[in-house]
Amino acid sequence: MSTPSHLATAVTDNSCAVSPGSDTLLTDTLDVLASGCAGDNIAIDDLTSTLGSKCFAGLLFLLAAPNIFPTPPLVDVALSLPLMLLSAQLVCGARRPWFPAWVLRREVSTEKFAMVVARLGPLTRRVEMVLKRRFDVLTGLIAHRLIGVICLFLSIMLALPVPLGNAMPGAAISLFALSLLNRDGIAMLAGVVATIASVAIAAGFGYGAFQAGEWVMQLIR
């Protein structure tokens, strides 16, 4: 995998850190991590150090985006828990995400991480090409907390047993994360639309399950 030229120095120095305020795209940052600058394994601590000032939104994206694609059983639940923690901290106005030390030490092989990045990369890069700073009042400090509330709600939805119901909440959180990364109010509004669609899908499934339950009860009587 080739390394973006503007990040080559970071890899040469065996450091994955991106300087605060860097305008490097999230996709390029993830490509650097996937290239092996952190070694054979990548810990959560490596992610927080590499993402720098983009840590909050970057982690939200990394934890939410895999849900857009089919995942093995219980992966959605495992991803929803740290998403809930991050979202709650966003609501509280935290500037940097906090995780227990044992979570920061959790590792995944660079090879597996690279596979996830390769899967997400084409979609993410296309989205980032159209994102830009606009209507940034929708991504300001007050909006940060509102986005945190919505993402907390969506994170809970991810843990619900709704068949094929993870894609839309995962997409909504990903859009909110990208809106924060790029100060793009249009992406924030797209996240709101995806949230409404998520609620509609969950409500439709709940109504269908309720109707099926009533039908079964009538058969039993």
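**Group meeting talk: a walk through the helices**

Let me begin with helix α10: what covers its buried residues includes α8, at 141-158, and α9, at 167-182. Which residues of α10 are buried? They are Gly-185, Ala-187, Met-188, Gly-191, Ala-194, Thr-195 and Ser-198. Here is a handy thing to remember while you look at that list. An α-helix has 3.6 residues a turn, so residues three or four places apart point the same way.

Before I go on, please keep in mind that this is a predicted model.

Now, the length of α10. This helix covers residues 185-220, which is 36 residues, and at 1.5 Å a residue it should span 52 Å. Its end C-alpha atoms are 53 Å apart in the model, so the two values agree.

Let's step back to the whole chain. How many helices and strands does the chain have? There are ten helices and two strands. Reading from the N terminus, the order is α-α-β-α-α-α-α-β-α-α-α-α. The chain has 221 residues, and 42% of them are buried. If you take the contacts with a separation of 6 or more, 73% come from residues 24 or more positions apart.

On the α8 side, the contact is made by His-144, Ile-147, Ile-150, Cys-151, Leu-154, Ser-155, Met-157 and Leu-158. On the α9 side you will find Pro-169, Gly-170, Ala-172, Ile-173, Phe-176, Ser-179 and Leu-180. Sorted by class, the contact of α8 with α9 has eleven nonpolar residues, four polar ones and no charged ones.

Here is another pair to set beside it. Helix α3, residues 44-51, packs with helix α4, residues 55-64, at an angle of about 130°, and their axes are 8 Å apart. These helices are therefore oblique to each other. What is the handedness of the crossing where α3 passes α4? It is right-handed. From α3, the contact uses Leu-47, Thr-48 and Leu-51, while α4 brings Cys-55, Gly-58, Leu-59 and Leu-62. By class, the contact of α3 with α4 has five nonpolar residues, two polar and no charged.

Next comes α5. This helix has 17 residues and reaches 25 Å from its first C-alpha to its last, close to the 24 Å expected at 1.5 Å a residue. Its buried residues are Asp-76, Leu-79, Ser-80, Leu-83, Leu-86, Ser-87, Gln-89 and Leu-90.

Just after α5, have a look at Gly-93, which takes a positive phi of about 85°. Is Arg-95 buried or exposed? With a relative accessible area of 81%, Arg-95 is exposed, because exposed means over 50%.

Conventions: Residues numbered from 1 in each chain as written. Predicted model: local features only at pLDDT ≥ 70, side-chain atom pairs only at ≥ 80, totals over all residues. Heavy atoms only, no water. Axes fitted to C-alpha atoms, helices over the stretch in contact; angles between N-to-C directions. Helix = DSSP H or I, 4+ residues; strand = E, 2+ residues; numbered from the N terminus. Parallel < 35°, antiparallel > 145°, perpendicular 65-115°, else oblique. Left-handed = near helix turned anticlockwise from the far one by under 90°. Contact = heavy atoms within 4.5 Å. Nonpolar A, V, L, I, M, F, W, Y, C, P; charged D, E, K, R; others polar. Expected span 1.5 Å × (residues − 1). Buried < 20%, exposed > 50% of the residue type's maximum accessible area, 1.4 Å probe, protein only.
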